[in-house]
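User: I would like to go through this structure by question and answer. Please keep the terms defined as we go.

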Amino acid sequence: MSTSAVLLMAYGTPETLDQVEPYFTHIRGGRAPSVEAVARLRKRYELVGGRTPLLEITRNTARALEEALNAHAEDAGERRTVYVGMKHWHPYIGDVMRMMAADGITRVTALTLAPHYSRISLGGYRKAMEDAQLALECSFDVTFVERWHAQPEFIEMMTALVRAGLEQFDASERESVLTVFSAHSLPVRIREWNDPYEQELLESSAATARAVGLADWRFAWQSAGETGEPWLGPDILDYLETLHAEGVRNVLQVPIGFVSEHLEILWDIDHEAKEKAAALGMKLRRTQLPNDSPAMVRALAAVIADAENARTGH
Ligand code: FEC
């Protein structure tokens, strides 16, 4: 058995409605949310069917990625396992790293299902790994991929998704569709430490828009939290009003900051944004998510190959 492995990480999602409260508490770093906030969040999970497919998608992606990485392995010693670890719910990154240590893994390439870096989000995944190593009193040889938004295979995949997304509009509407890229908002204070998150999102959005050949495109934020501090804007719900005032009636939303279907897609876009657009007399459609598609697996395999070549100097 190989002593090298891949750790594929994602946000984490509660599997039952009763898990919503402890999950929310974990997201808030252990601070209990108010009863009302829990009830509001529980309602959102209820309205998307009780749970989201994030863990299942991540597991399917890991399986397909493992197959792709091992396609040319000549013996068991070269085969690599792809482990799945979550930041805010089971299977927690720390628990999975304990399992990896027990399996005799010593070298890890760690990759997150979030292509753009910010200290708040990617930094949190890195910290979970560091904390696990301290608790386990062991030191893996870790190659941590901080960002992969500029990976050519990622841009190619997004380009194909935008082209397919535009097909959802009638031929007569297509000329007038405005493409709006979006990502999870973060507190405005990230600007105080020159966090690259905004810049990286604009880079991947611009590269995709260029490849599709879009004459005009925009960027808006989504899913801001209610923490009492200002978050990056404009929020897509307000921005739809701005676009309406400009005369825009057809919008393709491209949630480029996300790669899997989960609450921020199934509720925030499919319910909130679509309802807001409909109330304004606008038509809003979104691109499909990469999920566990072959294009996604190709992109992740390319990211891993580049990271490992950089480590070994090839
Ligand atoms: O499907 C699911 O069950 C999981 C959906 C989910 C994803 C996700 C991704 C990101 N978040 C990011 C940042 C923050 C910050 C806070 C925050 C809060 C929440 C809450 C829920 C939630 N997030 Fe999330 N996020 C998902 C779900 N997120 C639920 C709590 C209720 C709410 O605010 O709506 C604020 C923390 C605080 O209160 O102190 C900050 C970022 C991402 C994208 C990167 C990634 O996927 O890791 C950034 C999926």
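User: Which residue is the only protein donor of the iron atom of the ligand?

Analyst: This is a predicted model, in which local features need pLDDT of at least 70 and side-chain atom pairs pLDDT 80 or more, while totals for chains, interfaces and linings use all residues. Residues are numbered from 1 along each chain as its sequence is written, and side-chain values use heavy atoms, without hydrogens and water. Donors are N, O and S atoms within 2.8 Å of the metal (3.2 Å for Na, K and Ca); water is not among the atoms, so sites may look incomplete. The only protein donor, through its OH at 2.4 Å, is Y11.

User: Where does Y11 lie?

Analyst: Helices (H or I, at least four residues) and strands (E, at least two) are DSSP runs, numbered from the N terminus. Y11 lies in the loop between β1 (4–10) and α1 (20–27).

User: Which residues of helix α9 are buried?

Analyst: Buried means under 20% relative accessible area (1.4 Å probe, protein chains only). Helix α9 covers residues 236–246, and its buried residues are I236, Y239, L240 and L243.

User: Why do the buried residues of α9 line one face of the helix?

Analyst: The arc is taken from the directions from the helix axis to the C-beta atoms. Seen down the axis of α9, the buried residues line one face because they fall within an arc of 110°.

How values were computed:
Buried means under 20% relative accessible area, exposed over 50%, partly exposed in between (1.4 Å probe, protein chains only).
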